[in-house]
Amino acid sequence: FGEIDSSNNENFNAHGQSVTQHCQSYVFTRNNGDGRKVRIIDTPGFGNTRGLDQDEQNMEHILQYINNLTHLNAICFLLKPNLSRLNIFFRTCLTQLFSLLSPTVRNNIIFVLLTLDQHFIHLKENTFCFDSESFRYLVALQNDIKFNGEEKQKYEMRWSTSVKEANRLIDYINEKLTVYRIDKEWQSIKHAQFEIFYMIRPILETIRNTLRNLILYKENLLNEYIEINSKPVHVAANHCRSCKGNVKQVGRFWILCPTQHEIRNACNMCDCTLDQHVSIDYVLDYKCSNKLSSNPQNKMSDILNKLCDASVKIVHFLIYAACSTKDDPFLKGLKEMIREETYICEMEKSNALNLQLAEELLKVESQYKQQWNKVKLAQENIDLPGVYKLIKLISDYPTVHEQMVAVKKRQKMMLEEYEYEADKI
């Protein structure tokens, strides 16, 4: 009913799959004159015919979205009363939800049943019932479908009951529930996981650019310094590993500048498979400055060693404590950088400094692997407070910090892109 969603957020054609493709918020102004607004965040559903993997992807997306909010008034589980296997999905949802938020968020959980069966109405104070058939009746009226008097009376009565339930739900949230604040100081394994994943690329780009400037310093080119600036991109921006992009010269270095690809259901710019595409939060702009580096050789080498050492520890936490991935995202990204520099050296003849950069990146890879083996052999399991100290340490490096600011801006842009005011619906 209404216009087709231009953001491709709803798919009505795949039976058994969640209609909602990603989180989207709808903002309504309350009609009681107090000027307050209600934001309803619609999320992908569960019990998808695409399997448990898709359910896990949906939940990961939901948690990532929640991670960018300041607070939650309520978490609503929308249920069909005859839903089989409810326990499995509900338990999985709660387990993953509590991995990001503290268990006290359970006080803000409410249940919405799609039925007006008297057995369910007012079963518990935090349970609410609505009739989806009465909404379909209104849609049918909008499409000039005729009903007899008895049908009209039945559906209009069920609609009125649903309206009362809606008012009761809003009043319950407003009057009975305490707002759950998503405190930025709150520490959880899931939150740490998101922070680590966000900072992998900033760490790697900082290492690569520090190596560029270290090479310039060693070559006695003291009046040359490569600066990088970060710019957040729109939500659908991706980098294709197969499509290399353009190579441009910045000072004495050649730098690969990948083309942004936009993906909805498929890539709009190439025929490469979706698994070859990686979502990016920002693009980098490079400039060769003639100012003297504020970081002498010893300081730059120290930065490299500390970033490498810290990366080993946070990725070890990611794999063994958070159990969020089996692959090493740092090592994977480092190998990708080495491939990029090798490609540049093949494309450009005047590549002396890029050859040095590729060699230095190989040394970083070797150093990282050695440190990894030491940590693994010693079974050094860093605790959660220790991880947050490392995250702060890494974020304090100016080049990493600037890129992390761009990441956060992109997350805010994502929330804004999938947000609709009521008058736009």
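The structure is a predicted model, in which local features need pLDDT of at least 70 and side-chain atom pairs count only at pLDDT 80 or more, whereas totals for chains, interfaces and linings use all residues. Residues are numbered from 1 along each chain as its sequence is written, and side-chain values use heavy atoms, with hydrogens and water left out.

Side chains of opposite charge can pair when their charged atoms come close. A salt bridge is defined here as a side-chain nitrogen of Lys or Arg within 4 Å of a carboxyl oxygen of Asp or Glu. In the whole structure, 22 salt bridges were found. One of these links Glu-165 to Arg-168, with the closest N and O atoms 3.0 Å apart. The two residues are 3 positions apart in helix H4 (residues 149-176), a separation of about one helical turn; helices (H or I, at least four residues) are DSSP runs, numbered from the N terminus. Glu-165 is buried at 5% relative accessibility, while Arg-168 is partly exposed at 24%. In these terms, buried means under 20% relative accessible area, exposed over 50%, and partly exposed in between (1.4 Å probe, protein chains only).

Helix H5 (residues 189-218) contains Arg-201 and Glu-205, which are 4 residues apart, or about one helical turn. Their side chains form a salt bridge with an N to O distance of 3.8 Å. Arg-201 is partly exposed, at 27% relative accessibility, and Glu-205 is buried, at 7%. A further salt bridge joins Arg-208 to Glu-340, the closest N and O atoms being 3.0 Å apart. Arg-208 lies in helix H5 and Glu-340 in helix H7 (residues 329-347), so this pair ties together parts that are 132 residues apart in sequence. Both partners are buried, Arg-208 with a relative accessible area of 6% and Glu-340 with 10%. Through shared partners, salt bridges join Arg-201, Glu-205, Arg-208, Glu-340 and Glu-341 into one network.

A disulfide is a covalent bond between the sulfur atoms of two cysteines. With the criterion of a pair of cysteine sulfur atoms within 2.5 Å, the count was 0 disulfides. Cys-240 is in no disulfide, the nearest cysteine sulfur, that of Cys-243, being 3.7 Å away. Cys-240 is buried, with a relative accessible area of 1%.

In soluble globular proteins, nonpolar side chains tend to be buried together. A nonpolar core is a set of buried Ala, Val, Leu, Ile, Met, Phe, Trp, Tyr and Cys residues joined through side-chain atoms within 4.5 Å. The largest such core has 82 residues, and Leu-101 and Phe-330 have the most contacts inside it. Helix H5 supplies the largest share of this core, 13 residues. A second, separate core of 9 residues includes Phe-128, Phe-130, Leu-169 and Ile-173.

For aromatic pairs, rings of Phe, Tyr and Trp (its six-membered ring) must have centres within 6.5 Å; planes under 30 degrees apart count as stacked, over 60 as edge-to-face and the rest as tilted. The search of the whole structure gave 9 aromatic pairs. The rings of Tyr-368 and Trp-372 have centres 6.4 Å apart and planes at 25°, so this pair is stacked. Both residues lie in helix H8 (residues 352-378), 4 residues apart. Tyr-368 is buried at 1% relative accessibility, as is Trp-372 at 13%. Together with Tyr-320 and Phe-330, Tyr-368 and Trp-372 form one aromatic cluster.
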